[in-house]
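Dear colleague,

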Amino acid sequence: MLSITGLRKSYATPQGPQAVLGGVDLALAAGETLALMGESGSGKSTLLHLAAGLDAADAGAIRVGETEVTALDDAGRAALRRDRIGLVFQQFNLIASLSVADNLAFQARLAGREDAAWQAELAARLGLDGLLARYPEQLSGGQQQRVAIGRALAARPLLLMADEPTGALDEATSDAVMALMLELVAASGCALLMATHSARLAGMLGRTVRLHNGRLA
Amino acid sequence: MSGFRWTLAVLLSHWRRRPGQLAALMAGLALATALWSGVQALNLAARDSYDRAARLLGGAATVTIARPEGGTFDQSLWVDLRRAGWPVSPVLEGRVRLEGQTLRLIGVEPVTLPPGGAVAVIGAPEGGDAQRLIAPPRATLAAPQTLRDLRLAEGAAPQAPGGALPPLLAREGMAGGVLVVDIGVAQAVLGQPGAVSRLLAPAGHGRDPAALAALTAGTLAQLDDSPDGDLARLTDSFHLNLTAFGFLAFVVGLFIAHAAIGLAFEQRLPMLRTLRACGASARGVALALLAEMAGLALVAGSLGMLGGWLIAAALAPDVAASLRGLYGAPVSGGLSLSPWWWLSGLGMTLLGAGAAAGAGVWRAARLPVLAPAMPQAWLAAHRARLRWQGLAALALLALAAGLAAFGDGLAAGFALLAALLLGAALGAPVALNAALRLAAARAKAPLAQWLWADAQAASGGLSLALMALMLALAANIGVGTMVGGFRATFTGWLDQRLAAEVYVRGPDAAMDGFAARALATPQVLAALPSRSAEARLGGWPAEVLGLADHATYRDGWPLMAAAPDVWDQMAAGEGALVSEQLARRLGLGVGDPLTLPAADGPWPLTVAGIYPDYGNPKGQVVVNFDAHRARWPQAARGSWALRTEPGAAGAVIAALAADPALTQAEFIDQAGVKRLSLGLFDKTFAVTAALNALTLAVAGAALLASLTTLSSMRLPQLAPLWAMGVTRARLARLELVKMLALAGLIAALAVPVGLALAWVLVAVVNVQAFGWRLPLHLFPLQWLAMAGLALLTALIASALPLWRLARTPPARLAQAFSHER
């Protein structure tokens, strides 16, 4: 499902280029769940962003399904995210002017794959049935993250990428959100790549890899 | 396609949740469109009237044969030409007063009229009015609007001072303010029996124009320009000034739109990043933004066009009165709007919205998906932008200085205005930022330090609204200074020009023997006649006035420059006074030769003096009355100026009005003439005052819209102070102080910009457009009033956001800490 080989990325700073990823190889099969661990600044988010096509790598190859991500231009990467990938961020990133129901359906509509029945099932399993008419500012952090997960899964992506999805939540809420996310990932059959610094949460996934100084340890 | 549709739906959802912001954007675009289109509607209506006037007697399809020096001639010349086979038709023109209005009276010979004009249809074999014009009870043709302006119905037979006119008949296609009658009727009503103003012949009539001199003993010639075409040229400057003001108002309105769009973009940055993260392409987002803006612009533009029609309808009577009074232009107070007006107005709105939104769309297309919301980085970017803005402002002000020193012509004058205003607008935030940094550096108390530093950050988001406010204030100060100075100068000038206590005019036949009657009236000290002849000097229409040699003029006539023996030269018939605008146009100075095309041949004179002649678009020359009579024996008599004993004007008028021989004369005292003149002056500038006030209102609306929008974005900056112990009420007071300080600084900047604008208007634009220069008067009270208005605007604009802040629930303030993006 996901194949990464020799991935390199550095950023320009006033002190000169700073290497973040120094040659990463990674593979994820369909339906597999993989935790990406590492201390702050190890490159977890960068790896996720590159895999999702949010940024372009300096060197290496990324393949999602049959698509060579590194060979795509900006429009191609946008299409990839729209059609194949679901993203869940630490800070939810919901659209403030859309209701919960519209936020849930948004990416599926963008991809032209709106499925009302699947959306209704997602809403029910995420406990959002009574909140569909509300707006993000009216929800708690945990509720907002559940909407973000629902939005990402509503389009039935091949690959779900989550960047510290419970970073803004307390422990109890984190566990509840994680359990829901894993349940729905299993139900939808997509693969999950999750960046986290929590060993406890990483232990809930099928496999864990650790990044250290831009390389897999 | 569905992706584009959903992206557009998300973008539009922002406005559904923020109707106030949408209202601000729509109001900005609509107001900008309304002011621009309103001015254009006024210009178009006036130009339509000029075109109708030019086409009335045939326009380009006819040629005019008349006296080169102007004035009437005997109809026997027409008969001679007809007998020689020339296809000419006589026309007599004059002015009549009906129902308190001055109208143009045209007498025609309907059977011989050349084809092509609006009036030519009169003579058409079928459906024409020739029979009705000639056969009793005859008819007076007029445009339907003219009948409405006179408040007379069809069939009414109005009474003119010179006699009754035939029953009125409404005809479409006639120019406004014009009455057409049979030439015999016109000759009787105007008191000019047997007189003809000009002859019309079909263009390409095939006769040799040089033969005219032989046939008419040199009296008549074929003119290159028809007098009907003068109006468009004379009024060009008036309309250009109106257009310039409309454009300024449009730009101020665009500032509002730009401010609203810019703020919306900052607020929608997270939404745009989410859209991109979910797979919307950069191109798709940019196209959706463009489609959104086009849709909003069309709706706002349509509302603006309706507003423009209302503004034009409200101002049209004043504009028409100004044009009639200043130029004698037959403009009715109505509007006729073409589809082109609608389309061009909407086009302007779309262009303006595109200009306002362009930067945002460009940024959206290049938005890095991963860029977080970084307020400090944004502030750093704002500072960098300020540096470039400051450089651009300096460059524009330098350009303005160069144009002031070396520019020539009206176009250069407007370019100077544009460079000055744009440079000042761009420089205002830079100057503001510098003042705030100075205040921050000098502040000792922590809250004061925070206040000035925060004002710097806030001024970035408010910069467009503040620029709009500065432009509007500067325009008010500049135009107000010009108009105030003009009024003061005009009033003083009127006192000098209108030295006589009573003025009398009437048909030539009625005024025979008037001098004796007047001097026989008790308390009349002198009766001073005047004469008037039309001439063309340097291709421009001019009036040659003949005035009596009297102490009234020697002592009181306003002169800008004169020879030491100016009045002796005049009395000897060797010197002439030339109006300022004619002197500028012909490049004349005191002592220069001037040759007038008199009726009996070229008349060489010397320029003995130059005088101001405010408000007159035509050139004017003053010569001695007796010399004028000798050179233009057939010229029309002007009004009589009567000198009376002090306070006797009323009694003199009553005594003369009771004279049965003077029933057709009109009398007015000096105060009445001044009242009329000042009334016309005030009407002329009523349009300017209205546009000024609207522009200021638009700028105030910009500030209100920006403050209201920014208030919700301010919470993360205010919440920490609240957390540290500053109450909400105190925060609100601090915000008010900050807003008043910003407004006060902007007002302080607006004063020098406004004065510079006033100087450009009086010394450059006015001179180039109208030919006369006004002295620059200063009105410090006006500046104080503008400053007060700026503070009031800031107070009103801040009221709602501050009230909301003071009542913000603590939970909402605390939320700012958890939702930092």
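In chain A, helix H2 lies across strands E6 and E7, running at about 85° to E6(A). H5(A) also packs on the sheet and touches E6 and E7 of chain A, its direction making about 170° with that of E6(A). Touching here means contact, that is, heavy atoms within 4.5 Å; axes are lines fitted to C-alpha atoms, for helices over the stretch in contact, and angles run from 0 to 180 degrees between N-to-C directions. Helices (H or I, at least four residues) and strands (E, at least two) are DSSP runs numbered from the N terminus.

Please note that this is a predicted model, in which local features need pLDDT of at least 70 and side-chain atom pairs count only at pLDDT 80 or more, while totals for chains, interfaces and linings use all residues. Residues are numbered from 1 along each chain as its sequence is written, chains are lettered from A and ligands numbered from 1 in the order in which they are written, and side-chain values use heavy atoms, with hydrogens and water left out.

The sheet of chain A is open and mixed, with six strands in the order E6-E7-E8-E3-E9-E10; two strands pair if DSSP finds at least two bridges between them. Strand E6 (85-88) and strand E10 (215-216) of chain A are at the edges with a single partner strand each, so one side of each has no neighbour in the sheet. E7 (residues 159-163) and E8 (residues 191-196) of chain A run parallel and are joined by five bridges, with A:Ala162 opposite A:Met194 in E8(A).

In chain B, strand E13 (residues 502-505) pairs with strand E23 (residues 640-644) in the antiparallel sense over three bridges. E13(B) is also joined by four bridges to strand E24 (residues 666-669) of chain B, again antiparallel. B:Val502 stands opposite B:Leu642 in E23(B) and opposite B:Asp669 in E24(B).

Turning to the interface, 27 residues of chain A are in contact with 23 residues of chain B. The two chains bury about 2,200 Å² between them, 58% of it on carbon and sulfur atoms; buried area is the accessible area (1.4 Å probe) that two parts lose on being put together, summed over both. One salt bridge (a side-chain nitrogen of Lys or Arg within 4 Å of a carboxyl oxygen of Asp or Glu) is counted between chain A and chain B. A:Glu137 forms a salt bridge with B:Arg17, the closest N and O atoms being 3.1 Å apart.

Yours sincerely
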